[in-house]
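Dear colleague,

My findings follow directly after it.

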Amino acid sequence: MSIRSAVCSVMARRVVLGILFCGIAIAIPGIASGDQTTVKPNILVIVADDLGYADLGCQGCKDIPTPNIDSLAAAGIRATNGYVSSPVCSPTRAALMTGRYQQRSGHEFNPGPPATASAEFGLAPSELTLAERLKPAGYMCGIVGKWHLGYKRPYHPVDRGFDEFFGFLAGAHSYLDTRDQANPILRGLEPVESVTYLTDMLADEAANFVRRHASKPWCLFLTFNAVHTPMHTTEAYMARVQGIEDPLRQQLAAMLVAMDDGVGKVLDTVRQQGLEEKTLIFFVSDNGGPTRANASLNTPLRGFKGQVYEGGIRVPFLIQWKGKLPAGEVYHEPIMAIDIVPTALAAAQISVKPDELLDGVNLIPYLMSEKSGSPHDALYWRFGAQWAIRCGDWKLLDPGTGTPELYNLREDISEQNDVAAKYPDKVAQLRDLYEKWSSQMSPPRWGQPIRRPAAARQQQPRAARPRAANSPNP
């Protein structure tokens, strides 16, 4: 089937789904369906790029001030076992945007730069984004920032349910030179010329989106490229983190302070428009910190971006819905960014057919203590030769060596004590569960990850580099 035929078929399906979605509501535990102020809450999804697990104040960071992001934890819920579905950017975003494991559509790897990327690269037309599900219910949908889910039509944000797009399509961008001809800043389909600091630009655009659409329900993805390389900052932001001795971490801190200011600007706008109690907010990073590249910290987790050790896939995960969800609470059950879509749809009282196979779970009844236990029986990762499964406290993983490792994360959060030889039955049980899950997934549609030598994969990066102490609460 040609791309044009496939797109036409999918678009017809979306029209039918749109008709079905309109006017259909589902009961949400703890939320009265007759209360019109809760029927269509705004949805704000804030995504950081390459942020370390221990780089926020609410995660225990001592050397970088992040009061605005921390306020989401203070007024909402901080998930200590919050995960993303991939240790790298694009696959995580595919799952986050759809509520389905990215391997279902073969979106397993990053694509590489636009000049060398596969022609097939892009979020599969068969996958429905959150925006495509919300639009038929009257939502204005926008995305500001990094896309990384397709470089060409029909993979552009304007083809995937978004009324507005301001940002760039590739996986990284200069923060200081926004006139990159190969990867321009776009407003919709048109390039924009500007010389302001990119993090500030994205925050301004997001705040303007909230102001312009305050009178109707909206969904906004604010997808910062901070703190992804290149390590670009400004003198003004550097001046606010002069106490950090490590030059690379000082750059990271300046970039993170800029992002925190941007989050504060958007949150202030939400409050000024009287929308705080009408807005469900999520904050996540797209993967763990790449410590060698940007001096991010994943303490006390092992590993970093690109690995299925905890440091590559466990991330800061904050949820706020003021007046609806509890404030200042900590949630310890394992959850994943694939839960954002079904949770947002439940909040908007939009139904999903069982045969659509969402892998995510509506978290609202769990966060409101109306359901007990874990939202997921198990969580899964597949990234080429690397794979992992978490089931309760147990995690079985293969870091690409061909030899599975078993850890009890309650007792060994840093994954230092491999107990696979001690519990062969648990290894067999979890491996069988993983294989059954993997057999339901599609093969990759492009690419393979770069294989690191085993010694490099297992090394804890930059351990000897001195910096301010951090003691995150895991």
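Asp 55 touches Cys 61, Thr 66, Arg 249, Leu 252, Leu 256, Ser 296 and Leu 297, leaving aside residues up to four places away in sequence; contact here means heavy atoms within 4.5 Å. This is a predicted model, in which local features need pLDDT of at least 70 and side-chain atom pairs count only at pLDDT 80 or more, while totals for chains, interfaces and linings use all residues. Residues are numbered from 1 along each chain as its sequence is written, and side-chain values use heavy atoms, with hydrogens and water left out.

Asp 55 lies in the loop between strand 1 (42–48) and helix 2 (67–74); helices (H or I, at least four residues) and strands (E, at least two) are DSSP runs numbered from the N terminus. Asp 55 counts as buried because its relative accessibility is 0%, buried being under 20% relative accessible area, exposed over 50% and partly exposed in between (1.4 Å probe, protein chains only). The side chain of Asp 55 makes a polar contact with the side chain of Arg 249 at 3.0 Å, and also reaches the backbone nitrogen of Gly 52 at 3.1 Å. A polar contact is a pair of N or O atoms within 3.5 Å; within protein, one must be able to donate a hydrogen and the other to accept it, and residues adjacent in sequence count only if both atoms are side-chain atoms.

Turning to helix packing, helix 2 and helix 7 (residues 247–272) pack at an angle of about 55 degrees, with their axes 7 Å apart. Helix 2 is therefore oblique to helix 7. Axes are lines fitted to C-alpha atoms, for helices over the stretch in contact, and angles run from 0 to 180 degrees between N-to-C directions; those under 35 degrees count as roughly parallel, over 145 as roughly antiparallel, 65 to 115 as roughly perpendicular and the rest as oblique. Among the residues making this contact are Pro 67 and Ile 69 of helix 2, and Leu 256 and Met 259 of helix 7.

Helix 5 (residues 198–212) meets helix 7 at an angle of about 10 degrees, with the axes 9 Å apart. These two helices are therefore roughly parallel to each other. The residues in contact include Ala 203 and Val 210 of helix 5, together with Met 259 and Val 266 of helix 7.

Yours sincerely
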